[in-house]
Structure formats: C-alpha cells, structure tokens
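Visitor: Before we look at any detail, could you show me how a model of this kind is read, one feature at a time?

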Amino acid sequence: MRQFEQERSNFPRIHDLLKTTEELRQQLVQLVQETGSLSNDTVVELSQRLDKYILAIQNRMNEEKK
C-alpha cells in the first residue's frame with residue numbers, strides 16, 4: 001500500500017488521469033484484439049497499470065468529496 005501512496009502522489013491532475021486512463025484502455029483493447037488473449041503477459045501488465053490509474057481517479061474523487 002505504501003508503494004501505491006508514493007505512486008499516487010506523482011499522478012497529475014484528475015483531467016490528465018482521465019485522459020491517460022482512456023488512452024491505456026484503448027491500448028488494452030487493441031492489444032487483446034491483437035493477441036487474442038487476456039492472459040498474455042503484456043496484456044496483464046497493461047491491465048494492472050490501468051488499474052492503478054483507475055484507483056488513483058477514484059481516490060482523487062473521494063478526496064474531493066471530503
């Protein structure tokens with residue numbers, strides 16, 4: 001969890017997070033179509049990277065509600 005907190009502090013503004021998340025999502029869709037596999041190592045790595053951005057967005061949105 002500590003590593004995520006350090007990475008999260010390096011994430012840019014929410015607008016930039018949303019833009020990057022959408023770009024990663026599109027890359028992931030394309031990669032799955034190209035490889036035909038959800039378990040391909042590169043697909044899994046990209047999916048995990050996308051997960052971090054999604055979590056960062058959720059955390060930022062929750063912080064803004066406080």
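Guide: Helices (H or I, at least four residues) and strands (E, at least two) are DSSP runs, numbered from the N terminus. In this chain the elements run α-α-α from the N terminus on, with three helices and zero strands. The model is predicted, so local features need pLDDT of at least 70 and side-chain atom pairs count only at pLDDT 80 or more, whereas totals for chains, interfaces and linings use all residues. Residues are numbered from 1 along each chain as its sequence is written, and side-chain values use heavy atoms, with hydrogens and water left out.

Visitor: What span should helix H3 have, and how far apart are its end C-alpha atoms?

Guide: The expected span of a helix is 1.5 Å times one less than its number of residues. The 25 residues of H3 (residues 41–65) should therefore span 36 Å, which agrees with the 37 Å between its end C-alpha atoms.

Visitor: Which residues of H3 are buried?

Guide: Buried means under 20% relative accessible area (1.4 Å probe, protein chains only). In H3 the buried residues are Val43, Leu46, Leu50, Tyr53, Ala56, Ile57 and Arg60, while 24% of the 66 residues of the chain count as buried.

Methods
Buried < 20%, exposed > 50% of the residue type's maximum accessible area, 1.4 Å probe, protein only.
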